[in-house]
Amino acid sequence: MPTPTMEDYIEQIYLLIETKGYARVSAIADALQVQPSSVTKMVQKLDKDEYLNYEKYQGLVLTSKGQKMGKRLVYRHELLEQFLRLIGVNEENIYKDVEGIEHHLSWNSIDRIGDLVQFLKEDDLRLEQLRQIQRNEEEPE
């Protein structure tokens, strides 16, 4: 199992490849706000663990294992953002909150959150009832 730091790298590499078609050490460093030397060390570790293939000065390519993990990590991140938005978390808090919790939830918890998001989205009345509860809590007594 990858560490939370490894997950951050895999997720970012996956996103870069999806958007640009490639992921370079410099772009990964910029996106994660780390030094290129740190990226190189992590990329070598991810290569050793078979999440990607890395050739110095040639770039890197995710393996099928890395692609599968990257896709799942992006799904997790997007699902948590969607969940927090649905339950009414202030927009300015969502990214930071997701970054703070995403590595601490089991995949079983993620799947159950996915079920809840689906449940809430299937019926507008459910969301309206949630909003009403939130409005009632905000009203002074």
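**Helix packing and the nonpolar core**

Trainee: How do helix H4 (residues 64–86) and helix H6 (residues 107–122) pack?

Mentor: In this predicted model, H4 and H6 pack at an angle of about 45°, with their axes 10 Å apart. Residues are numbered from 1 along each chain, and local features need pLDDT of at least 70, with side-chain atom pairs counted only at pLDDT 80 or more. Side-chain values use heavy atoms, without hydrogens and water.

Trainee: Why is H4 called oblique to H6?

Mentor: The angle between them is about 45°, and since angles under 35 degrees count as roughly parallel, over 145 as roughly antiparallel, 65 to 115 as roughly perpendicular and the rest as oblique, H4 is therefore oblique to H6.

Trainee: What makes H2 roughly perpendicular to H3?

Mentor: The axes of H2 and H3 cross at roughly 110° and come within 9 Å, which makes H2 roughly perpendicular to H3. Val25, Ile28 and Ala29 of H2 meet Pro36, Val39 and Thr40 of H3, where contact means heavy atoms within 4.5 Å.

Trainee: Which residues touch the most other members of the largest nonpolar core?

Mentor: Among its 36 residues these are Ile13, Ile28, Val39, Leu46, Leu52 and Leu60. Such a core is a set of buried Ala, Val, Leu, Ile, Met, Phe, Trp, Tyr and Cys residues joined through side-chain atoms within 4.5 Å, buried meaning under 20% relative accessible area with a 1.4 Å probe, protein chains only. H4 gives the most to this core, with 8 residues.

Technical notes: Axes fitted to C-alpha atoms, helices over the stretch in contact; angles between N-to-C directions. Helix = DSSP H or I, 4+ residues; strand = E, 2+ residues; numbered from the N terminus. Buried < 20%, exposed > 50% of the residue type's maximum accessible area, 1.4 Å probe, protein only.
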